[in-house]
Amino acid sequence: MIRCISIRRVGRMVTFSFVGLTGSYSAAHGAEPGAGDPTTALSNVRLYVEAGSLAAKQADAWGKSRPADAALMRYIAGQPTAKWFGGWNSDIARDVRDATSRAAAQGAAAVLVAYNIPHRDCGSYSAGGAGDAQKYGAWIRSFADGVRGRTAIVILEPDAVAGSECLSASGREERFAMLKNAVRTLKSAGAFVYLDAGNAHWVKADVIADRLHKSGIDQADGFSLNVSNYFLTSDNISFGTELSRLVGGKHFVIDTSRNGNGGTSKAQWCNPSGQALGSAPTTRTNNPLVDALLWIKQPGESDGTCNGGPQAGTWWAEFAVGLASRSNNRTVAMNN
């Protein structure tokens, strides 16, 4: 049984120890770059931490009954995590504006995920999206209205480019046109925009590069990798560096929320067992092409009704605390 806890901050690192569990995590969410740190578009951007997150509420609920697990949950709650938006938002402009305003009050940037592309996930666990291209265009314009005047990092449509092979040829071209328009619209509102490019082990770099060109990567700040997946940061850096060369030197961000153990041997993506938290979110990556390591997927959200999980996107506290508890006896750092 895990008992007792001590937590202390040393420079950019937070170290914690339990009886039976020790570890350390980077706590640099983006402030003043250190000497010698490469400068990127996000180097001076602070990332917003939501005070009333589900992880924070879970930590409070477990405070007396499960104090060690509550401490792990508080660590998760203390990290900046992206907020996802889709068809479930009844007033997208209002909801985005609320998120960006709360971040602005901290002097920080909100990380937002636009997730409403038509024919999303082609009928799988995360199926849904706007009804058609016209409705999607209107939704994106309202999303952009909520961003305007605030600092925001937008991850544009996870899986939409890499997963487009499930569409017909005309459907793919329509999707790429929608994404290109979305990039243009969000950039006009002042957002940092990262067009999602899948992950290091999905679509070959030359193929995804062609799709990104059609989807407006030239107007975006860059692309995102590993969203909601588990592959190692090092794998994604290697792939991202290769892909960057094919799309005009664009930078990229990596989702490290759950990649501490690098996934399974069979590359399971839906609630695989034995996984761990990855590097803490930061905009100081010591890599001139990597603008940020981000927790784009909330560590405690289910991938779908697989491996014992609830519906996709549903909070799953036991999965979250498992991710944290498995990050033991190691430093979760840039070279996962």
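A disulfide is taken here as a pair of cysteine sulfur atoms within 2.5 Å. The views below show a predicted model.

**View 1. The disulfide of Cys-270 and Cys-306.** A search of the whole structure finds one disulfide. Cys-270 and Cys-306 form this link, with their sulfur atoms 1.7 Å apart. The angle about the S-S bond is -70°, and the link is left-handed.

**View 2. The cavity beside Pro-38 and residues including Thr-283 and Asn-286.** Rolling a probe the size of a water molecule over the atoms shows where empty space is left. In the whole structure, one cavity of 30 Å³ or more is found. The largest cavity holds about 30 Å³ of space. Ten residues line the largest cavity, and those nearest its centre are Pro-38, Thr-283, Arg-284, Thr-285 and Asn-286. Sorted by class, the lining consists of six polar, two nonpolar and two charged residues.

**View 3. Helix α2, residues 67-77.** Helix α2 is mostly covered, with nine of its eleven residues buried. The buried residues of α2 include the alanines Ala-68, Ala-70, Ala-71 and Ala-77. Asp-69, Leu-72, Met-73, Tyr-75 and Ile-76 of α2 are buried as well. An α-helix has 3.6 residues a turn, so residues three or four places apart point the same way.

Technical notes: Residues numbered from 1 in each chain as written. Predicted model: local features only at pLDDT ≥ 70, side-chain atom pairs only at ≥ 80, totals over all residues. Heavy atoms only, no water. 1 Å grid on protein atoms, 1.4 Å probe; cavity = no way out; pocket = protein on both sides within 12 Å on 5 of 7 lines; lining within 4 Å. Points joined across faces, edges and corners; volume = space filled by probe spheres on them. Nonpolar A, V, L, I, M, F, W, Y, C, P; charged D, E, K, R; others polar. Buried < 20%, exposed > 50% of the residue type's maximum accessible area, 1.4 Å probe, protein only. Helix = DSSP H or I, 4+ residues; strand = E, 2+ residues; numbered from the N terminus.
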